[in-house]
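Hi everyone, thanks for making the time today.

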Amino acid sequence: MSGFVFAEKPIEIVSGDGVRVTDANGTEYLDFGASYACTPVGHSHPEVVDAATSQLEELMYVQASYPHAARTALYERLAETGPVDVDNVWLCNSGTEANEAALKFARHATGREKIVATTQGFHGRTMGALATTWKQKYKAGFEPLAGGVEFVEYGDADAMREAVDDETAAVILEPLQGEGGINPVSTEYLQAVRVATATSGAAMILDEIQTGLGRTGSLWAADKHDVVPDVLTTAKGLGSGLPIGATLCRDWIAEDAGNHGSTFSGGPVVSAAAGATLDVIEREELPEHATEVGAYLRGQVEERLGDDVRDVRGDGLMIGIEVRRGSNRLLRDLAIDHQILALPAGRTVLRLLPPLTIEREHADAVVDALAEVIG
């Protein structure tokens, strides 16, 4: 049996608990992929399960034009935790929808068309977000896409300054690229983007779909770089695996957001789960924990693997290991021989995105396995 879209892996996951999942044969795996960072507080965290279950039993769904306590609480919580003044919140169902909204809001607010995006960037698979995604393999068969997009080299401040002009509606970029290969940039670069957009009257959109919610060591990567964007997008781990995304905006973007909406914007159940997820992240100080354990894990990989890998990069618990041969074979060996699940980020990069609750013992187990499959 095969899926209509997805190429299915030969592991049927039936349950999860904390940092581990179990397949239909009873085999337990250490999950260092977290389904692309979707379970930051671990699988089936009791507090998140209780919040979603309680809301499910009371009211499964009501559309966002009717106020609801769980949704209102999430609006307020995201507004409080977002970068200063980025406190208008629109809820949706996924990261690509959050980025679609960001692009639409920016064009409507500025009255301009041009969007500047970056090489190796990934922003989603719907037609607008896909137009700002770099790699052609994601676009093949779906073109023509939305027009008016110009790409510049990621990390090149001069190229960005040259590209952003009085015709630019927005710049969209990740503060640390995920799908593109776990590619970091400097604080100076992100601040240069901020200056370029502010000077030209364009919106700066930070795509924190993967970097947000504590993964890189602060709730938002924007905070680490002391950059306040006009729009910040988040999704993935926000609902601990339930489908939800959010677009956070400054007033000048939100006050003229145009005719945009969504039937399933911030349903009560996913809003309750998201609120509980944020509670756990804050109370258990998971961003700080991600900094500590992530630094330990990167250090152990560098020490143990040394010249067997080309590079180890990332921040917090968003880690890329560039290897000297294809990553898919290594991922298969990790899963089959060592019961560890990880992800690719291109043909030669292993991506580690574990729950933020992992401990050093879990990091040690992964490094031991990597030493066997790579060394």
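One definition before we start: a residue is buried when its relative accessible area is under 20%, exposed when it is over 50%, and partly exposed in between. Please also keep in mind that this is a predicted model.

Let's begin with Lys236. The UniProt annotation, from an unreviewed entry, reads "modified residue: N6-(pyridoxal phosphate)lysine" and covers this lysine. Where does Lys236 lie? You'll find Lys236 in the loop between strand S11 (231–234) and strand S12 (245–249). Is Lys236 buried or exposed, or does it fall in between? Its relative accessibility is 25%, so Lys236 counts as partly exposed. Setting aside residues up to four places away in sequence, Lys236 touches Tyr36, Ala37, Cys38, Ile209, Gln210, Gly241 and Ile244.

Cys38 was in that list, which brings us to the cysteines. A disulfide is a covalent bond between the sulfur atoms of two cysteines. How many disulfides does the model have? The count comes to zero. For Cys38, the closest cysteine sulfur is in Cys92, and at 13 Å that is too far for a bond. Cys92, in turn, has its closest cysteine sulfur in Cys249, 11 Å away, again too far for a bond. Cys92 is also buried, with a relative accessible area of 0%.

Now to the helices, starting with H2, which runs over residues 46–58. Helix H2 has 13 residues and reaches 18 Å from its first C-alpha to its last, close to the 18 Å expected. Which residues of H2 are buried? They are Val48, Ala52 and Gln55. These cover an arc of only 70° around the axis, which puts them on the same side of H2.

The buried residues here are Ala70, Arg71, Leu74, Arg77 and Leu78. Looking down the axis of H3, you would see them fall within an arc of 125°, so they line one face of the helix. Ala69 and Glu80 are exposed, on the face turned away from the buried side. The buried residues of H3 pack against H2, strand S4 (88–92), S12 and H11.

Leaving aside neighbours within four places in sequence, Leu78 is in contact with Val89, Leu91, Trp220, Leu238, Ala246, Leu248 and Leu278.

Let me finish with two more residues. Gln300 sits in helix H12 (residues 286–305) and is buried, with a relative accessible area of 18%. Pro144, in the loop between helix H6 (136–139) and strand S6 (149–152), counts as exposed at 72% relative accessibility.

That's the tour, and I'm happy to take questions.

Notes: Residues are numbered from 1 along each chain as its sequence is written. This is a predicted model: local features need pLDDT of at least 70, side-chain atom pairs count only at pLDDT 80 or more; totals for chains, interfaces and linings use all residues. Side-chain values use heavy atoms; hydrogens and water are left out. Helices (H or I, at least four residues) and strands (E, at least two) are DSSP runs, numbered from the N terminus. The expected span of a helix is 1.5 Å times one less than its number of residues. Buried means under 20% relative accessible area, exposed over 50%, partly exposed in between (1.4 Å probe, protein chains only). The arc is that of the directions from the helix axis to the C-beta atoms. Contact means heavy atoms within 4.5 Å. A disulfide is a pair of cysteine sulfur atoms within 2.5 Å. UniProt positions are given in the numbering used here, feature names are shortened, and annotations may be inferred rather than shown by experiment.
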